[in-house]
Amino acid sequence: MNKIQDALRQVKYIAFDADDTLWVNEPYFREAEREYCALLERFAAGEEIISTLYSIEMKNLAPYGYGAKAFTLSLMETAIKFSNLSKKSPLTPQEMQRIIEIGTSLISIPIDILPGVEQLLKELSGSGKYTLVVATKGDLLDQQRKLERSGLAGYFHHIEVMSDKNREAYLSLLGSLDCSPEEFLMIGNSMKSDIIPVLDIGAYALHVPFYSTWEHEKVDGEVVHPNLFTCEGSSQLPELFRI
């Protein structure tokens, strides 16, 4: 914990990921997948459906990006593929409508703030030492709505919704903030999106693990870096910063 306190002496900007860092998100997608698999069970086993869906999601990242709307389009494409290849009765209009409802229901999921998050935001913003930023990826309108519904928007000075989170995207963000890497700390749950590219540009990163992780965000092996800090979960954040 002393190491992060040392870093905070030079940090001026603290950025937070949104989904599964500020609030719960991924479990709602997994629940949607379970209902989706039950709807398509006459075509294939759940494992095959999920595997095919994931492949189609990866194919669709470039044209559609991330978020509930992109997920819904992939749900439909996957269902049509199974229906066309199967000798079973094809998808009905009612089933297609239900698939759309499963996907679009994710636009209005409850915003469950994770433990410790609001306390930390209050303390950081009240300290007068830091500029707080949201740095997230996904659909712009979807993320803006979730932030407003969360009641947390007032803590942040800058909102950045990225089409992807990579080295170039973070360098662009730092340029917009007029911030040097050693003045920037990123807090997030995804090693792939929130941590590794931030470390790559010489900034600081704090990994806050969440119990459910999308397959696309997983990385192999342990990440070790002098600018990387870790904690056990969001509830530990206020103690870790000790503002």
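Asn 227 sits in the loop between strand 5 (204–207) and strand 6 (228–230). The model is predicted. Asn 227 is buried, with a relative accessible area of 16%.

**Around Asn 227**
- A polar atom of the Asn 227 side chain lies 3.2 Å from the backbone oxygen of Ala 203.
- Not counting residues up to four places away in sequence, Asn 227 touches Leu 199, Gly 202, Ala 203, Tyr 204 and Ala 205.

**Around Phe 82**
- Phe 82 belongs to helix 4.
- Is Phe 82 buried or exposed? Phe 82 has a relative accessible area of 9%, under the 20% cut-off, so it counts as buried.
- Leaving out residues up to four places away in sequence, Phe 82 touches Phe 43, Ala 44, Glu 48, Ile 49 and Thr 52.
- Phe 82 and Thr 52 are 30 residues apart in sequence. In space, they are 9.2 Å apart, C-alpha to C-alpha.

**Helix 4 and helix 5**
- Two packed helices are described by the angle and the distance between their axes.
- The axes of helix 4 (residues 68–85) and helix 5 (residues 93–104) come within 8 Å. They cross at roughly 155 degrees.
- Angles over 145 degrees count as roughly antiparallel, so helix 4 is roughly antiparallel to helix 5.
- The crossing of helix 4 with helix 5 is right-handed.
- Helix 4 makes the contact through Ala 68, Thr 72, Leu 75, Met 76 and Ala 79.
- Helix 5 contributes Met 96, Ile 99, Ile 100, Ile 102, Gly 103 and Thr 104.
- The residues of this contact comprise 8 nonpolar, 3 polar and no charged.

Note on methods: Residues are numbered from 1 along each chain as its sequence is written. This is a predicted model: local features need pLDDT of at least 70, side-chain atom pairs count only at pLDDT 80 or more; totals for chains, interfaces and linings use all residues. Side-chain values use heavy atoms; hydrogens and water are left out. Axes are lines fitted to C-alpha atoms, for helices over the stretch in contact, and angles run from 0 to 180 degrees between N-to-C directions. Helices (H or I, at least four residues) and strands (E, at least two) are DSSP runs, numbered from the N terminus. Angles under 35 degrees count as roughly parallel, over 145 as roughly antiparallel, 65 to 115 as roughly perpendicular and the rest as oblique. A crossing is left-handed if the near helix is turned anticlockwise from the far one by less than a right angle, and right-handed if clockwise. Contact means heavy atoms within 4.5 Å. Ala, Val, Leu, Ile, Met, Phe, Trp, Tyr, Cys and Pro count as nonpolar, Asp, Glu, Lys and Arg as charged, and the others, Gly among them, as polar. Buried means under 20% relative accessible area, exposed over 50%, partly exposed in between (1.4 Å probe, protein chains only). A polar contact is a pair of N or O atoms within 3.5 Å; within protein, one must be able to donate a hydrogen and the other to accept it, and residues adjacent in sequence count only if both atoms are side-chain atoms.
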